[in-house]
Amino acid sequence: MLFSVLIYANEDFIDALSSEEREALLKKHRTFHEHTKANRNFAAASKLMSTGTSVTISRESGDYVVTDGPFTETKEQFLGFYLIDCATLEEAIEAVKLLPLDHGRIEVRPVDFFEGSDFRNGERLVINAS
Amino acid sequence: MANAWLSTHLRAARPRVLAALNRAFGDLDLAEDAFQEASLRALKAWRQDQVPNDPAAWLIIAGRNAGIDAIRRKSREKLSAPEDLEPAFDGTHPERELTVSLDQAVYRDDVLRLLFTCCHPVLRRDQQIALALKVVAGLSVDEIARAFLVQPKTMEQRITRAKKRLQAARLTYEEPDAAARAGRISAVANAIYLVFNEGYSAAQGPKLIRATLCEEAIRLARLAVRLFPEEPELRGLLALCLIQHSRHRARLTADGEAVTLEQQDRSLWDRTLIAEGNILLEAALRSARPGPLQIEAAIAATHTQAPSFEATDWNEIERLYRALELIRPSPVVALNRVVVLARLHGPAPALARLDAIAAPLERYANFHAVKGSFLADLGRMEEARRAFELAFDLAGTEAEREHVRAKLKELS
């Protein structure tokens with residue numbers, strides 16, 4: 001079963017991290033990558049750019065409205081997500097425990113529908129921002 | 001390590017908390033002391049795995065109580081009047097109540113007020129930068145002094161004088177109207193850019209780049225964009241800082257010598273920062289409210305889109321400089337435009353234009369360096385040498401001098 005692992009944290013905090021602290025967080029993410037790849041759970045990883053880069057599209061009385069930024073009334077921002085393929089919710093939760101959880105929170109939610117390339121090897125496609 | 005994480009929480013919450021305390025007390029010194037006290041209480045009360053849900057709200061309550069205590073102590077010292085202030089909180093902080101009332105709108109106005117206080121036009125530029133770094137970013141006086149290569153005592157005095165000046169100006173805290181608000185936001189954007197530039201091209205001293213200042217400026221710009229996503233000039237500012245900073249690995253040799261854009265190894269540019277800068281700029285330009293920082297960001301972005309220096313779209317850059325000269329004319333912009341014109345039409349017409357804009361740039365090292373290279377391109381070596389020698393004498397940093405020295409060597 002496919003699970004979305006949705007990562008939320010406060011961007012003010014993320015921006016204030018020192019490079020050592022950033023490295024400590026990344027180390028946990030790498031552990032998560034290795035673990036889920038070894039178990040063939042890993043499907044996709046996606047880290048989002050800062051919320052300042054985003055626009056929000058909605059529709060009001062039949063017109064498209066594009067506004068700058070995300071909805072700002074939240075203390076935590078959506079920073080990125082993983083897709084993992086686990087037999088049970090329990091297994092997904094165990095894997096997510098490897099991720100940095102001291103700051104912010106992570107939502108695990110089963111995927112209802114997915115269409116995309118065969119991801120089970122996880123390594124084939126890496127797109128960096130550039 | 002645990003303590004380091006906690007101080008990162010404090011650093012992250014600082015602008016918001018200090019902004020709220022500044023509103024509560026109307027006094028920067030008192031707000032800073034109260035924040036300091038609240039931080040000490042947090043370091044005692046918080047655990048690595050038990051940080052409050054909303055650290056900022058917790059700190060605001062603790063800071064407010066600390067501030068009230070301090071005011072009460074002072075008034076007790078002055079007169080032994082009976083105690084009639086509200087009893088202070090006893091140290092346990094149910095931050096939830098306050099969180100409800102501290103919505104985003106209040107935060108925004110508090111932080112804007114704080115930033116504007118630090119960037120107030122009654123202050124000199126160096127005072128604005130020092131205050132923004134001290135009060136908003138939370139750098140220590142020693143750190144700021146080191147960054148500006150002055151004695152800590154000198155920096156302390158600069159900050160004290162700035163605060164006195166603000167007090168003398170009797171800032172009013174009423175709600176600004178739309179025009180005043182736009183003016184304030186542009187003042188804040190400019191001050192953050194000053195901080196960035198101080199790190200990017202230090203006016204004096206041995207080091208051309210001071211990464212800490214650049215990174216602090218980027219952090220402040222990110223905060224500003226988050227609070228005011230509808231202000232395109234703030235996104236332009238962040239885009240500009242990110243794109244300029246993306247070159248930091250390519251701008252200096254291992255020996256700390258400056259490398260010009262022409263000579264830089266473009267594979268050393270940080271592509272992730274460039275990508276983020278470009279998308280921010282695109283989002284900003286969608287609003288069709290151009291400003292000088294957006295145009296500067298567009299110039300920087302155009303450079304990043306060229307695979308090599310030779311392949312740069314100089315026509316586009318010339319158009320952008322022309323736009324910049326229209327909305328924010330300055331001698332340095334005029335000089336930059338002449339440099340671009342030389343790329344397009346050769347050194348002879350550019351040299352002629354240089355004379356027309358020379359007057360305000362006589363003491364500016366780069367003006368003479370540019371003039372020297374035009375003259376050298378035209379084969380007028382003796383005049384080129386004199387221009388470079390003048391540039392050498394006026395140069396503010398060792399890296400700049402080294403650059404001119406290399407040019408002089410090329411001549412002989």
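Predicted model: local features only at pLDDT ≥ 70, side-chain atom pairs only at ≥ 80, totals over all residues.
Chain A contains three helices and six strands. Along the sequence, these elements of chain A are arranged in the pattern β-α-α-β-β-β-β-α-β. Chain A has 130 residues, of which 36% count as buried. Contacts in chain A that link residues at least 6 apart in sequence were also examined; 77% of them join residues at least 24 apart.

Within chain A, A:His29 is part of helix H2, which covers residues 19-38. The relative accessible area of A:His29 is 19%, and A:His29 therefore counts as buried, the limit for this class being under 20%. When neighbours within four places in sequence are left aside, the contacts of A:His29 are A:Ile7, A:Tyr82, A:Leu99 and A:Pro100.

A:Val55 has a relative accessibility of 35% and so counts as partly exposed.

Chain A is in contact with chain B through 27 residues of chain A and 29 residues of chain B. The size of an interface is often expressed as the accessible area that is lost when the parts come together. For chain B and chain A, the buried area is about 2,500 Å², and carbon and sulfur atoms give 57% of it. On the side of chain B, the most area is lost to chain A by B:Trp5, B:Arg226 and B:Arg286, which together account for 25% of what that side buries.

Polar and charged pairs also occur between the two chains. There are 12 residue pairs in polar contact between chain B and chain A, counting pairs with both residues at pLDDT 80 or more. Six salt bridges are counted between chain B and chain A. In one salt bridge, the side chain of B:Arg226 meets that of A:Asp15, with an N to O distance of 2.9 Å. At least two residues of the side of chain B that touches chain A come from each of helix H1 (2-25), helix H10 (211-227) and helix H12 (271-285) of chain B.

Over all chains, the whole structure has 35 salt bridges. Side chains of opposite charge can pair when their charged atoms come close. In chain A, A:Glu94 and A:Lys97 form a salt bridge in which the closest N and O atoms are 2.9 Å apart. A:Glu94 has 41% relative accessibility and is therefore classed as partly exposed, whereas A:Lys97, at 53%, counts as exposed.

In chain B, a salt bridge joins B:Asp69 to B:Arg72, with the closest N and O atoms 3.9 Å apart. Both B:Asp69 and B:Arg72 belong to helix H3 (residues 55-78) of chain B, where they are three residues apart, about one turn of the helix. B:Asp69 is partly exposed because its relative accessible area is 23%. B:Arg72, at 10% relative accessibility, counts as buried.

A further salt bridge is formed by the side chains of B:Arg219 and B:Glu216, at 3.1 Å from N to O. These two residues, B:Arg219 and B:Glu216, both lie in helix H10 of chain B and are three residues apart, about one turn of the helix. B:Arg219 and B:Glu216 are both buried. Salt bridges with shared partners also connect A:Glu11, A:Asp12, A:Asp15, B:Arg16 and B:Arg226 into one network.

B:Asp27 is placed in the loop between H1 and helix H2 (28-45) of chain B. With a relative accessible area of 26%, B:Asp27 is partly exposed. A polar atom of the B:Asp27 side chain lies 2.9 Å from the backbone nitrogen of B:Asp29. B:Asp27 and B:Leu166 are 139 residues apart along the chain, and their C-alpha atoms are separated by 9.8 Å.

Key:
Residues numbered from 1 in each chain as written. Chains lettered and ligands numbered in written order. Heavy atoms only, no water. Helix = DSSP H or I, 4+ residues; strand = E, 2+ residues; numbered from the N terminus. Buried < 20%, exposed > 50% of the residue type's maximum accessible area, 1.4 Å probe, protein only. Contact = heavy atoms within 4.5 Å. Buried area = accessible area lost by both parts, 1.4 Å probe. Salt bridge = Lys/Arg side-chain N within 4 Å of Asp/Glu carboxyl O. Polar contact = N/O pair within 3.5 Å; in protein donor to acceptor, adjacent residues only side chain to side chain.
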